[in-house]
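Please keep the sequence and the structure in view while reading.

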Amino acid sequence: MLTPEENELLTRVTGDAPMAKLMRQHWTPVCLIEEVAEPDGKPLRVEVLGNSYVAFRDTEGKLGMLDELCPHRKASLVYGRNEECGLRCLYHGWKMDVEGNVVAMSSEPEGSPLMDKVKARAYPTREWGGFVWAWLGEKDEMPEFQPPAFAPTEDTPVAILKIRIPANWAQIHEGQIDSAHSSSLHSSHMVPARVEGASADDKSWYRPSTDKSPRMQTETTSYGFHYAAIRKPIKNSATHNYLRITEFIAPYYSLIPPNNNYKVASVIVPINDDETAFHFIAFGGPNVPSTEEWRKFAHAVPGVDVDHKWRTLRTLENDFKQDRQRMKEGHFTGVDGIPNEDIVMWVSMGSRVQRHTDTLGASDLAIVEFRRLMADAAKKVAEGGQAIGTASDIPQAQIASHEGVYPKDVDWRTLVNGSGTTEAAE
């Protein structure tokens, strides 16, 4: 249980809040590449950590991200003209290139010395794994970009869905790293079956266990933590365990145990204290679905399930389109799509959970670890320390989740690829 003060540390992600400072010490996935794919296309408003930016691809295909407001009179550049290798403000015709240089001032006399004195703030970007990553911290502190574990190589197949959710980043992360809930909440989509390990088709995911009460064990690492949910398998339950090992890589993403066709990850980026950009990813397996197939499977199709700004069309006001008749007929939640079932839970909590009022049990060990780890990490940053997960020797591309049925004498810690272990808990 967190105190109200610790909950503030965990959930506040704007301005000079310690968690915001922590996140700005990491490369941040600020939008999808598909949102800024077109040269001279429509500029994109990027909202992250309580700030607004504008991203655009210029005539030559170069990507830029600037503060949203024009340095002249602070009109929004989102509505500007993206043309001839620059973004032109509609108000007075000032034009900035991808580096933030002012290359035209229509309202000023020709040869005005003002052009050499003014520059829009530009943010370094990298395109990788389907995302645009931006460095939002001080440029002189910028580390080399490291590929994430869900896209260790440039050609790793990746399918991404995106949903804008009116809930704080921390309760969404807690939902993604919580293995215990899946046996109940997702029981109509994650079906127990006599399979050798987790598997998937275009209808459901399948698991070799009916056990709804896993035993949890966690281990802290230099990049976050990993933990095992240990269940009884359907077959050989007297001699074997079914292990599902999840990785939390602070501060933005988690690796969820894979299936026979693809691996799974979630990328969770705060928009502000009360909204979050949630991304659910299939990647790196023998049969990774296309982005279109993935969004259809998860019922997260733009124009059908989310609007043009990625806001979910299932809301508190329409009861998340829950079908009570289907529930009577056997569907556990009456909601289509694994992420949508989660969203009902996250949003129904309120935009920011007051954690000092909840009641945790044995199955919440990973939640306890996440809260302790990140609250302590925020305190460290507030005291001037280094942010968690920023050490240059962390082997990001080698971190992997895991699952399978193993003899009971197998220690799950020997199955994970990540390094940097610091302590363990049971």
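## Aromatic pairs

The structure holds 21 aromatic pairs, where rings of Phe, Tyr and Trp (its six-membered ring) pair if their centres lie within 6.5 Å, with planes under 30 degrees apart counted as stacked, over 60 as edge-to-face and the rest as tilted. The pair formed by W27 and W135 is tilted, because the ring centres are 6.0 Å apart and the planes stand at 55°. W27 is found in the loop between α2 (18-23) and β1, and W135 in the loop between β10 and β11, so the pair ties together parts that are 108 residues apart in sequence.

## Basis of the values

The model is predicted, and local features need pLDDT of at least 70, side-chain atom pairs count only at pLDDT 80 or more, and totals for chains, interfaces and linings use all residues. Residues are numbered from 1 along each chain as its sequence is written, and side-chain values use heavy atoms, with hydrogens and water left out.

## Salt bridges

A salt bridge is taken as a side-chain nitrogen of Lys or Arg within 4 Å of a carboxyl oxygen of Asp or Glu, and by this rule the count comes to 26 salt bridges. In one of them R12 is joined to E8, with the closest N and O atoms 3.1 Å apart; R12 is partly exposed at 30% relative accessibility, and E8 is partly exposed with a relative accessible area of 33%. E8 and R12 are also members of a salt-bridge network together with D273, D274 and R352.

R413 forms a salt bridge with E219, the closest N and O atoms lying 3.7 Å apart. This pair links distant parts of the chain, since R413 is in the loop between β21 (402-407) and β22 (421-425) and E219 is in strand β15 (residues 215-221), 194 residues apart. R413 counts as partly exposed at 21% relative accessibility, whereas E219 counts as buried at 9%. In another bridge, the closest N and O atoms of R371 and D358 are 2.9 Å apart; R371 lies in helix α9 (residues 365-382) and D358 in the loop between α8 and α9, so parts that are 13 residues apart in sequence are tied together. R371 is buried, with a relative accessible area of 5%.

Helices (H or I, at least four residues) and strands (E, at least two) are DSSP runs, numbered from the N terminus. Helix α8 (residues 338-348) is largely enclosed by the rest of the structure, because nine of its eleven residues are buried; among them are I338, E341, D342, W346 and V347. The elements that cover these buried residues include β11 (158-165), α4 (169-176), α5 (182-185) and β20 (275-283), contact meaning heavy atoms within 4.5 Å. After α8 comes G350, with a positive phi near 100°.

Strand β1 (residues 28-32) is mostly covered, with five of its five residues buried. Two strands pair if DSSP finds at least two bridges between them, and β1 pairs with strand β10 (residues 131-134) in the antiparallel sense over four bridges. Within β10, V132 is the bridge partner of C31.

## Two charged loop residues

D97 sits in the loop between β7 (94-96) and β8 (102-105). D97 is buried yet has no salt bridge, the nearest side chain of opposite charge being K119, 6.7 Å away; here Lys and Arg count as positive and Asp and Glu as negative, while His and the chain ends are not counted. The side chain of D97 does reach the backbone nitrogen of N101 at 2.9 Å. Leaving aside neighbours within four places in sequence, D97 is in contact with F56, L66, C85, G86 and V103.

K62 lies in the loop between β3 (51-57) and β4 (63-67) and is partly exposed, with a relative accessible area of 45%. The side chain of K62 makes a polar contact with the side chain of E60 (3.4 Å), a polar contact being a pair of N or O atoms within 3.5 Å in which, within protein, one must be able to donate a hydrogen and the other to accept it, and residues adjacent in sequence count only if both atoms are side-chain atoms.

Terms used. Buried means under 20% relative accessible area, exposed over 50%, partly exposed in between (1.4 Å probe, protein chains only).
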